[in-house]
Amino acid sequence: MQEGARDGKPSGLSMQTEFLTAQHEEELVDMLSNRPDWPPALPGRRRSLHYGYTFSYKTFGIDEDVPFRPFPEWLRGILPREPNERRDPDQVCVQHYPPGAGIPPHVDTHGAYGDELYALSLGSPVVMQFRDGHRRSPDGAARADVDLPARSMLRMGGEARLHWTHGIRARKTDTLADGTVRPRRHRWSVTYRWLREGAACACGDEELCDTARRRRGLGREYRWEREEEAAARARDGS
């Protein structure tokens, strides 16, 4: 994978393009498009399927009330492999983004999940926004736009994983660095997470780390959590 950092992007961010073939992607997109177990679609919103442990939109960890769901064979064929990876991910989230859908800026929960995660992009490319809330620039927090091509595998570790938020703006087009306006179409993402041993992070970031905030008695008041909870209530019809 190619590592990023010197071009304004956070350290620990790397990408492998063409992680799978165009034919493999086409087969996966066709299969995912026709799966009967997707939750009901709400206009303009993404929807999710969970394998392994189920991601909880209330705690942003895992849902302890839902049994472990074994990985299907098609998913086993697209698990990221690194020399130091000795086990499969513990939690995999497959999401469908209709044109115009996004996801609020967020950091995956520090205590629940380990120091790296991977995300595979299928279908339409999209621009993801990264923001660093600690190193301030004159116009606010440092920002970086990262274009995610189809069939690319993104790895977030280190600074990119723990100390930068990432999100996708809800809009129908993306404007690229050369001024090209690119329309969005249907996109699928596959996010791979490993549980953190002991469920406690040692980074000490009181803005972004749930463990650090809990130790200081600060609670968990993250804007993206409130937005995700509101989206979850809308999905549940409550």
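1. The protein exposes about 12,100 Å², of which carbon and sulfur atoms supply 50%; accessible areas come from the Shrake-Rupley method with a 1.4 Å probe, and for residues only the protein chains shown count as cover. This is a predicted model, in which local features need pLDDT of at least 70, side-chain atom pairs count only at pLDDT 80 or more, and totals for chains, interfaces and linings use all residues. Residues are numbered from 1 along each chain as its sequence is written, and side-chain values use heavy atoms, with hydrogens and water left out.

2. Of the 238 residues, 50% count as buried (under 20% relative accessible area, 1.4 Å probe, protein chains only). The protein has five helices and 13 strands (DSSP runs: H or I of at least four residues, E of at least two).

3. Tyrosine 192 touches residues including Leu75, Ile78, Leu117 and Met153, not counting residues up to four places away in sequence (contact: heavy atoms within 4.5 Å).

4. Strand S9 (residues 153–157) is largely enclosed by the rest of the structure, because four of its five residues are buried. S9 runs antiparallel to strand S2 (residues 13–16), joined by four bridges, and also pairs with S6 in the antiparallel sense over five bridges (pairing requires at least two DSSP bridges). Glutamine 16 stands opposite methionine 153 in S9, and alanine 119 stands opposite leucine 154 in S9.
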